[in-house]
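Reader: Please take me through this model, and begin with the terms you will rely on.

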Amino acid sequence: MSESTATGVAAIARNTSGVGITLDHVTKVYPGTEAPAVDDFSMSVQPGELIMFVGPSGCGKTTTMKMINRIIEPSSGSIAIDGRDVLSLNPNELRRHIGYVIQQIGLFPHMTIAENIAVVPRLLGWNKQKTADRVDELIETVQLDAATFGSRYPKQLSGGQQQRVGVARALAADPPVMLMDEPFGATDPITREKLQAEFLRLQESIGKTIIFVTHDFDEAIKLGDRIAVLSERSQIEQFDTPANILAAPANDYVRSFIGHGAALKRLALIPVSEARLAAAQGTSGLATVRADATLRDALDTLVLLGVPSIDVIDAGGRAVGSLTVERISDVLGADIPGVTAPDTRAAGA
C-alpha cells in the first residue's frame with residue numbers, strides 16, 4: 001500500500017463521529033449487459049446523517065450502497081468520504097473503517113460473540129486489552145450483558161440478539177460511516193420494532209453517517225433523517241426529509257410508496273408540542289399523553305379509549321393542556337381520513 005493511500009485511510013479512520021459522503025455521477029454497468037444497474041447517481045450526505053435508500057427489489061439501491069465501500073466497483077464517477085476519493089484507497093483497508101451490517105447478519109458460527117465483535121480490531125492490530133475492553137463496551141451498548149453473552153456462540157442467541165451483535169461488530173473499530181443493508185428485514189414485526197427503537201437510541205449517542213437500505217417505507221420514515229426514493233437504475237425520484245415527502249410527494253411513483261394513510265404517517269413525525277392545546281380537562285390514568293410523545297400517540301389514545309379529549313402531561317405528570325381529534329387534525333391543515341368527520345370539526349371550534 002502506498003504512503004498516500006495509507007494516509008488517506010488513516011485520515012478517514014481518525015474520525016469516529018460521522019463524516020460527509022459524496023457520490024458524483026456514479027454509474028455501474030455489469031459486463032454483458034447494455035442497461036446500467038446504477039445510472040448517473042449523485043448525492044451529498046452530511047456528517048452524522050442517517051440516509052434511507054428505499055425502492056423495489058432490483059432497483060439498484062444495494063448496488064449503489066456497496067460501491068461506497070467498494071464491495072462493488074463503480075464503472076464511472078467518483079465517491080468521496082470526508083473529502084477523500086475512495087477509489088484511490090486500498091479497498092480492504094477502506095472496508096475495515098466502514099461498518100457493514102447485512103440482513104443475514106453474517107456472524108461466524110465457530111466464533112463466540114466476543115470473537116465475532118473482535119474481528120476487525122484484531123485485523124487493525126489492536127492489543128488484547130484494548131480489544132477486550134471495546135468488545136465488552138459494545139455488547140453492553142447494544143443492551144446485552146457482556147458476562148452472559150460474550151462467551152456464547154451465534155446459534156445460542158435469538159435472531160434479534162444476533163442482529164444486535166451484528167450492529168456491535170460493525171461498530172467495533174468506531175468507524176465514521178456505517179452501511180446497513182436491510183438489517184432488520186428478516187426479523188418478526190415485534191423484534192423489528194424493538195431493534196428500530198434501539199438503533200435510533202444508539203444513533204443519538206454515536207452520531208455516525210449511515211446509509212440504510214430498505215424496501216419498507218414505514219421503516220424509512222421512522223429512522224431516516226432524509227429518504228431517497230429510488231426507481232429503476234437507482235434514479236432518485238425524491239430526496240428529502242420524511243415530513244416533506246409525506247406532505248408533498250414529488251410524483252405518482254413516490255405516492256405509490258407512501259400508500260394509504262399519509263396523514264397518519266405524518267402525525268408520527270410531529271410532537272404533541274406542535275398542536276394548539278386547549279385547557280386541561282382534569283382527566284387521569286390512561287386518558288393522558290406525555291408532552292414529548294407524537295401526535296400519532298395522542299390520536300391512538302383518543303381513538304382506543306373513545307374519549308373526546310385527553311390531557312397532555314409534562315415529565316412531572318402535571319397537566320399542561322388537552323388535545324382533541326380536531327386539534328390534532330388542525331396541525332395537518334386537513335381532516336384525518338376515517339377519523340375526523342366534517343360535522344365533528346365544525347362542532348369542535
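Author: Buried means under 20% relative accessible area, exposed over 50% and partly exposed in between (1.4 Å probe, protein chains only). The model is predicted, so local features need pLDDT of at least 70 and side-chain atom pairs pLDDT 80 or more, while totals for chains, interfaces and linings use all residues. Numbering starts from 1 along each chain as its sequence is written, and side-chain values use heavy atoms, without hydrogens or water.

Reader: How many salt bridges are there?

Author: The count comes to 15 salt bridges, each a side-chain nitrogen of Lys or Arg within 4 Å of a carboxyl oxygen of Asp or Glu. One of them joins the side chains of arginine 226 and glutamate 49, with N to O at 2.8 Å. Arginine 226 belongs to strand E9 (residues 226-231) and glutamate 49 to the loop between E2 and strand E3 (50-54), so this pair ties together parts that are 177 residues apart in sequence. The helices (H or I, at least four residues) and strands (E, at least two) are DSSP runs, numbered from the N terminus.

Reader: Is glutamate 49 buried or exposed?

Author: Glutamate 49 is buried, because its relative accessible area is 12%.

Reader: Which residue does glutamate 137 pair with?

Author: Glutamate 137 forms a salt bridge with arginine 134, and the closest N and O atoms are 3.3 Å apart. Both residues lie in helix H6 (residues 128-141), 3 residues apart, which is about one turn of the helix. Glutamate 137 counts as partly exposed because its relative accessibility is 43%, whereas arginine 134 is buried at 13%.

Reader: And arginine 233? What is its partner?

Author: Arginine 233 forms a salt bridge with glutamate 232, where the closest N and O atoms are 3.9 Å apart. At 29% relative accessibility arginine 233 counts as partly exposed, and at 57% glutamate 232 counts as exposed. Elsewhere, salt bridges that share partners join Arg134, Glu137, Asp174 and Lys208 into one network.

Reader: Changing topic: what is the strand order in the open sheet of 4 strands?

Author: The order is E2-E1-E4-E5, with antiparallel pairing; two strands pair if DSSP finds at least two bridges between them. Strand E2 (38-45) and strand E5 (84-85) are the edge strands, each pairing on one side only. Strand E1 (residues 21-28) is joined to strand E4 (residues 76-81) by 5 bridges, and isoleucine 21 has isoleucine 81 of E4 as its bridge partner.

Reader: What stands opposite isoleucine 81 in E5?

Author: Arginine 84 of E5 stands opposite isoleucine 81. E4 and E5 pair antiparallel over 2 bridges and form a hairpin with 2 residues between them. In that turn, aspartate 82 has a positive phi of about 55°.

Reader: Where does glutamate 182 lie?

Author: Glutamate 182 lies in the loop between strand E7 (177-181) and helix H9 (189-206). Its phi is also positive, about 45°, and at 15% relative accessibility it counts as buried.

Reader: Back to H2: how many of its residues are buried?

Author: H2 is mostly covered, with 6 of its 8 residues buried. Among them are Lys61, Met65 and Ile68.
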